[in-house]
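Welcome, and please open your viewer. We will go from one selection to the next, with a short note on what is there at each stop.

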Amino acid sequence: MQAAVKCSTNPDIAAAVKEAVGGLSDLTLLMFVTSYDRVEKTAEEIKKQFPGVPCVGTCGTVYHDRTFSDTGLTVSAFGKGAEVKTGVIRDLSICPVFDEVILKKNLEELRPGNGDTACLEFCTNDEERLVSTMNISLGDKKVPLVGGSVFGVPEGKSGIVAVDGVVYTDACAYAIVKNLTGKVRTYRENIYHLREGGRRHIATKVNLAKKELVELDGRPAAKVYGDELGISENQIVNNVLKNPLGRIVGDDVFICSQYAIGSGGSLINYKRFNPNDTVGILELGDYKNIRQETNRKIASENKHVSYAFLVNCIYRHVLFQNEHYIDTFLTDMSKFGQFMGYVGGGEQYKEQHVNQTAACAVFE
């Protein structure tokens, strides 16, 4: 499969698109990330300069070639060897099922094979509803979902995504990519684990609409969290990089990031807890060794990488910056070849919406 990642810092949008994409041929998909104020015109300009080429995009911070930036334009361009269907899931906050019919049709036309297809996406909100909706069809075809929640939206503005020249709010932009020359393998990296000796709690009261964990074991969630770690309530939010919450499902753990204290001592999170979920307080592991193990696994399973797409949570991004590890992280990812990463406000991986996680799709 042919793929290239290009960027431009030209302030003129038409010129930036030409610089980033010009000279490439046989295009089958363009994925772009730019600043919030440039998304709409960039989407329109790509459609104008490359009519008929499927395109999805959004705003935010992007990784490319050992650097990261929230300005300029970065584009992933897919060429020969990739067959693509793009689409939008609208009305995420209300009822997104209507567009699932089109998603199903796109999958039927694409005819995914065994491990050769993945769905890449950017979404604005209501991730749990989105994941459940998309997996009605993706799960049936065994097509994994890898995506990110839009991050980098100015205060007071709504998140936006673009599909084939049109900008949407309250929506998900997706591209289903079938690799005609090899496999597509996906990876989820979790650098947190259950605390040794830590308790397992039950979510006895939740507010699903607000992603609010009201009570654990019949007690205010913030009180339970503070007592277990021996910290005061006003330290809980800033402790998220060290000790986020986790939703425990069997032997697996899905991270939930707390970001506010609600009335009555509840914890408000970026991921939902459901009633009667098993909940644990996590701790940061040896992230450097965990990262190297992920790199070794990708290298051993993919002898030749055509393209890699990564979504890295903003909290991991901040942690790596604080620990002076971000350069090592980006250098390691860039060794795989054509690579674009996105700093998400949340991550979608297969059947789950998660926080403080990295989700990656690697195309042979």
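Helices (H or I, at least four residues) and strands (E, at least two) are DSSP runs, numbered from the N terminus. The model is predicted, so to speak of local features a pLDDT of at least 70 is needed, side-chain atom pairs count only at pLDDT 80 or more, and totals for chains, interfaces and linings use all residues. Residues are numbered from 1 along each chain as its sequence is written, and side-chain values use heavy atoms, with hydrogens and water left out.

**Stop 1: the loop at Gly 72**

Please select Gly 72, in the loop between strand S5 (67–69) and strand S6 (73–78). Is Gly 72 buried or exposed? Gly 72 is buried, with a relative accessible area of 14%; buried means under 20% relative accessible area, exposed over 50%, and partly exposed in between (1.4 Å probe, protein chains only). Contact here means heavy atoms within 4.5 Å. From Gly 72 to Thr 34 the C-alpha distance is 5.8 Å, while the two are 38 residues apart in sequence.

**Stop 2: His 64**

Next, select His 64 in strand S4 (residues 62–64). His 64 is buried, at 17% relative accessible area. Neighbours within four places in sequence aside, His 64 is in contact with Val 5, Cys 7, Thr 74 and Phe 339.

**Stop 3: aromatic rings**

Rings of Phe, Tyr and Trp (its six-membered ring) pair if their centres lie within 6.5 Å; planes under 30 degrees apart count as stacked, over 60 as edge-to-face and the rest as tilted. How many aromatic pairs are there by this rule? The count comes to twelve. Select Tyr 259 and Tyr 270: their ring centres are 4.2 Å apart and the planes meet at 25 degrees, so the pair is stacked. Tyr 259 belongs to strand S20 (residues 258–261) and Tyr 270 to the loop between strand S21 (267–269) and strand S22 (278–284), so the pair ties together parts that are eleven residues apart in sequence. Tyr 259 is partly exposed at 34% relative accessible area, and Tyr 270 is partly exposed at 33%. Then select Tyr 63, Tyr 287, Phe 320, Tyr 325 and Phe 329, which form one aromatic cluster.

**Stop 4: two positive phi angles**

Most residues other than glycine have a negative phi. Asp 164, however, has a positive phi of about 50 degrees. Look for Asp 164 in the loop between strand S10 (161–163) and strand S11 (166–168), where Asp 164 is partly exposed at 30% relative accessibility. Lys 350 has a positive phi near 55 degrees. Find Lys 350 in the loop between strand S25 (347–349) and strand S26 (352–354); at 32% relative accessibility, Lys 350 is partly exposed.

**Last stop: the whole chain**

Zoom out to see eight helices and 27 strands. The C-alpha trace spans about 60 × 40 × 40 Å along its principal axes. Buried residues make up 57% of the 364 residues. Among contacts with a separation of 6 or more, 80% come from residues 24 or more positions apart.
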